[in-house]
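I opened my notebook to record what I looked up in this model. My entries follow the order in which I checked things.

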Amino acid sequence: MRPVLAMIKKEFLQVKRTREMLALLFMFPLIQMLVLGYAITTEVKHVRLIIVDLDNSRISRELVRAFQHTDRFDVQARDILLTHIGEYLQGWKAQMALVIPRDFGRLLRRGLQPDVQLIVDGVDGNTAGVALGYARGILQQTATQLSPAGHPVSYRPTAPRLHLQERMWYNLNLDSAQFMIPGIVVVLLTIIPMMLTAMSLVREREIGTLEQLLVTPMGKLQLLAGKLIPFLILSFAELVLVMKVAQWIFRVQMHGSYPLLGAIAFIYLFTTLGLGIFISTFTQTQQQAMFVAWFFMVFMILMSGFFIPIPNMPELLQTLTYLNPMRYMMFVIRDIFQKGSSWVYLLPDIGALTGFGLLIFLASILKFSKRIG
Amino acid sequence: MNQRKPAIVAEHLTRRFGTFLAVDRVSFRVYEGEIFGFLGANGAGKTTVIRMLCGLLAPSDGNAWTAGFNVRTQVEQIKQHIGYMSQKFSLYEDLTVRENLAFYGGLYHLRRDQIQQKKQQLFQQLELAAFETTLARDLPLGFKQRLALSCALLHDPPVLFLDEPTSGVDPRARRDFWGLIQSLARSGKTIFVTTHFMEEAEYCHRVAIMHEGKIVAMDTPETLKARSRKSSMQQVFVSLIQQQLTES
Amino acid sequence: MRRPRSRIAAIALKEFWHILHDPRSLTIIFLLPVIQLIMFGYALNLEIQKVELAIIDLDRTPASRELIQHFEGSPFFEVMAFRAPISQIETLFLRRKARAVLIIPADYSRQRQQGTTVDLQLIIDASDPNAAINISNYCQQIVEAVPTTRLAPPPAPFEVKSTIWFNPDMKSAYFFVPGLLALLLVMISALLTSVAITREKETGTLEQLLVSPVTPVEIILGKVIPYVLLAFLDGVGILLIGVFVFQVPFTGSAVLLAFLTLLYIITALSLGLMISTVTSTQQVAMMAAQSATLLPTLFLSGFIFPLRSLPWILQLISYIVPARYYLVIVRGIMLKGNTLPQLITPALFLMGLSTVLLIIAGKRFKTTLEA
């Protein structure tokens, strides 16, 4: 035990000495969470709109006003020439143009169904789609307030209809933080242990201290245990910190059991620490280790359902996600947080995570040769 | 001297890296309390021999015993009985002198009081006490070397491997260092040292000269000098290598 | 003038050797973007599809079965019948067997015949709010399409016609190829250079360089040039794949894009250099470079989320994210055929940003030397 304790103490001292490291270890996750928590929003606001009102009737002014009274659109210019639309859209001065044709009001009063034209910059496909939806909504709402004769009347349902009564379970307010933040926890639980392990082992190889360690009677397992336990502790500390802050700032609610989450996170750490060891066995420099770790990470994150839902992927990629340990952890953490799932429902995931953990950890320990050649 | 027990035995020790023959059937014995110098240019195979003797690298062929243990089968026992100082002075630069020592002491299962006691002794012997709380990175090079030596000596190993221990250190520190080595040998430790400073060979009891993976000469420095009628080891080395080159 | 240039060349050459002697990193530098691009190309589809919908039919009449058929006919849903008691719904969600449950009331057909409004219950697993909104929208659409009366609905008073410019088919490749280009370029440039100087600091070779008669500027230039070329090649590769595999149009001037891409790469490298001068170990440098590139480029550049929807503080931060400007440049040149006058603002911002970063890097580098 003493060699392991000596290793652990040394690792902590080294982390402590590199003060920037400490700051990064704890600041980086927090910043990441803050940015993601606030940035990930499906809402589109303040779309820059230009309006060409060729009609300038009471009704057309009514439509224009509807666009001015929402924070979804910022009206940049009115009454510009039709031919200037191109310049605005191409020159990044507006994203959408609304064109109300001449005689719009007159045709509307006669019930002749005039057209309203929306032109949108499709370069940012997502925003364009959402903004178009909003604009249609605003137009339609205004339309329903206008009778075919053009006089505002109040809307009343006439035909019997099917009515959907919706209940949103687990996330009543459709708050995306509740979904994304637990995901970030998984990402952190992957990046930090994997990078730290890989980089610190390779670093010792680079500066020659690994060789020094290998001539001591300390066993391979003791060496790795001494390396990994500090990172395990650090990872857990981060986990706690990030979750606490998440609950405090984003009001992320935890419906499940902390011990269960802790236990599964522990299992998952075997996978990520193991990957770190694995990377260190075939890289010579920290730069290499970093790149390989990146390589693994990008794939794991992309294929985990973190921000691209797995059902959206093509069949083949969906199947491939089963080989990604992060996928299981992603489900587990979200289920525990949001649904309060008990271990019974998570058994398949726990099984998969345990399998991956054992496999990757054992394989990397075997590959981590105590000899050099 | 041959009456004493051998501390290191190498028999036809060979190591290949792919098709490159780094060490070619090397045989020798080092006796207890002896300072055995391994000389050769960079890339002659000195470090590879050390690594095999420490159990860091498996031999491709041949066999060797260090402190009575086989390098193929008893690697773990070997590690209990050797100290090793690599040419890079592999220290943790971001730890202090004391922390480095405590760390290596821990690796060798030493108790805190043992580390403390040994540390006092080494501090006195190596004049390191003033630097106890200095970060390793801030030490003058000569003291880095001493610290690396202390780390290798903490567990009192009977056999000490020093791989280019004096590279980059100024001449005075080098002389002091060899004084230390000699007193260690007098206390019964076996010292296996590699160097490419030929004048340092004079400090060794016996030397082996390596060239392209082979031992081309092995004896006491005096005998080698007498045999080739040269006054310094530097000249002995040059003439031996020239001889090798003309032969091949 | 000849001598300083040759010294820069010597450092650049050395840096090239570092790169070439490390085929693994080199492979990753070139392979990673390609694989990422292709994966994104196929995976990045934010429209959700094939949602498991469980339907509890308490009515079990031809009318209710007809309603179910409407759902079955939608490519969006994978419908399954659920016969267990309603109290068991939660296990469907907990076992992730279904994402939504539709309950058809027992008096569905009777109410339909009486011509009254029928309430259908839709329970959605809203743990993923995006998906929940989509599910809700699709269900609404299906339900609205179910004919409830023989009468046609009154015609809308006017029609909305929409035209989408620059990406009429709303192809996602148009959106992620420029974004990925911005992301990969900044990551490669900043990550590589951030480690480049720290590595020399750690291995002590920086000292070696500093005792030679090279000036700090020469060291910095020499170190950066190889990475500029490398990143540029990478960018060309990504663009070629984007244009030829994903059929993203290229309407503007390639020369202008090349020129502005160079500017962007220089900005990213300056960022890496700046990080490299303020950090002491490769590990820290790498972590810092990662936090300064990945997230901001993904989320604070307008790549995935529109900038104008962000909280003001994040919008403010986005002004120092180089990708924010480059995204406008790439999208502008490739899709809109922008010319330099239209892109002068982002170009000037990039120039200003790199100047500031380089000044900081130079200042910090000097103090490193003196310390």
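Domain bounds here come from an automatic or database domain assignment. I read that chain A has domain 1 (47-144) and domain 2 (173-367). Their C-alpha centres lie 49 Å apart.

I noted the ground rules next. Residues are numbered from 1 along each chain as its sequence is written, and chains are lettered from A and ligands numbered from 1 in the order in which they are written. This is a predicted model, where local features need pLDDT of at least 70, side-chain atom pairs count only at pLDDT 80 or more, and totals for chains, interfaces and linings use all residues.

**Entry: chain C.** I looked up its domains as well. Chain C is divided into domain 1 (51-145) and domain 2 (171-370). The C-alpha centres of these two domains of chain C lie 49 Å apart.

**Entry: a sheet.** Helices (H or I, at least four residues) and strands (E, at least two) are DSSP runs, numbered from the N terminus. Two strands pair if DSSP finds at least two bridges between them. I traced an open sheet of five strands with mixed pairing, in the order β2(A)-β1(A)-β3(A)-β4(A)-β5(C). β2 (73-78) of chain A and β5 (159-165) of chain C stand at the edges with a single partner strand each, so one side of each has no neighbour in the sheet.

I then picked one pair. β1 (residues 47-53) of chain A and β3 (residues 96-100) of chain A run parallel and are joined by five bridges. A:V52 stands opposite A:V99 in β3(A).

**Entry: chain A against chain B.** Residues are in contact if their C-beta atoms, placed from the backbone, lie within 7 Å. I found 23 residues from chain A and 22 residues from chain B in the contact. On the chain A side, α1 (2-17) and α8 (209-214) are the elements that give two or more residues. α1(A) gives the most, with eight residues.

**Entry: two helices of chain B.** Axes are lines fitted to C-alpha atoms, for helices over the stretch in contact, and angles run from 0 to 180 degrees between N-to-C directions. The axes of α7 (residues 221-228) of chain B and α8 (residues 233-247) of chain B come within 10 Å and cross at roughly 60°. I noted the residues that make this contact: B:P221, B:L224, B:K225 and B:S228 of α7(B), with B:M233, B:V236 and B:S239 of α8(B).
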